[in-house]
Amino acid sequence: MAAREHHYQVTVRWTGNRGDGTASYTAYDRNGELLANGKPTLPLSADPAFRGDASRWNPEELLLAAASACHKLWYLHLCADAGINVESYEDAAEGTMVEGVRGRFTQITLKPRITLRNPADAERARELHHQAHEACYIANSLNFPVSCEPRFA
């Protein structure tokens, strides 16, 4: 099967100029906006550890959210195909980033809590997380481990 390409476009706009631009490291805010056609604007900043605004989304959270959301979408798809009825799914994903000469994420752990209509499907539903991980475009694009620790309610 031939590979299909999908293209995406977003705009990231810096809104943190207090009047002097980047005259010094402390002269500007890290605030910005994420824009995409037809979607609400998402307020951005840096992590508070890097002088950011904690009330806004930071790039590290967005990376974690992308990995979690991609896994969830594949998992739900695979469950639907397998005849497993998922009634709820909530992931309390966690990630670790280290600073250094080249800061980087070292791992992400997905921790989905899933409610199935038929609890007898739990073992098969657990196995489908491995397939979801293999299929997830975001996890396949990362250069660090993404693990999954599902729990069934």
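Two strands count as paired if DSSP finds at least two bridges between them.

The open sheet consists of three strands in the order β1-β2-β3, with antiparallel pairing. Because β1 (11-14) and β3 (42-44) are at the edges and each have a single partner strand, one side of each lacks a neighbour in the sheet.

**Helix α1**

Helix α1 has 24 residues and spans 35 Å from its first C-alpha to its last, close to the 34 Å expected at 1.5 Å a residue, where the expected span is 1.5 Å times one less than the number of residues. Helices are DSSP runs of H or I with at least four residues. Just after α1, Gly 83 adopts a positive phi of about 75°.

**The largest nonpolar core**

The largest nonpolar core has 12 residues, including Tyr 75, Leu 78, Val 86, Ile 114 and Phe 152; such a core is a set of buried Ala, Val, Leu, Ile, Met, Phe, Trp, Tyr and Cys residues joined through side-chain atoms within 4.5 Å. Buried means under 20% relative accessible area, exposed over 50% and partly exposed in between, with a 1.4 Å probe and protein chains only.

**Basis of the values**

Residues are numbered from 1 along each chain as its sequence is written, and side-chain values use heavy atoms, leaving out hydrogens and water. As the model is predicted, local features need pLDDT of at least 70 and side-chain atom pairs count only at pLDDT 80 or more, whereas totals for chains, interfaces and linings use all residues.

Key
Helix = DSSP H or I, 4+ residues; strand = E, 2+ residues; numbered from the N terminus.
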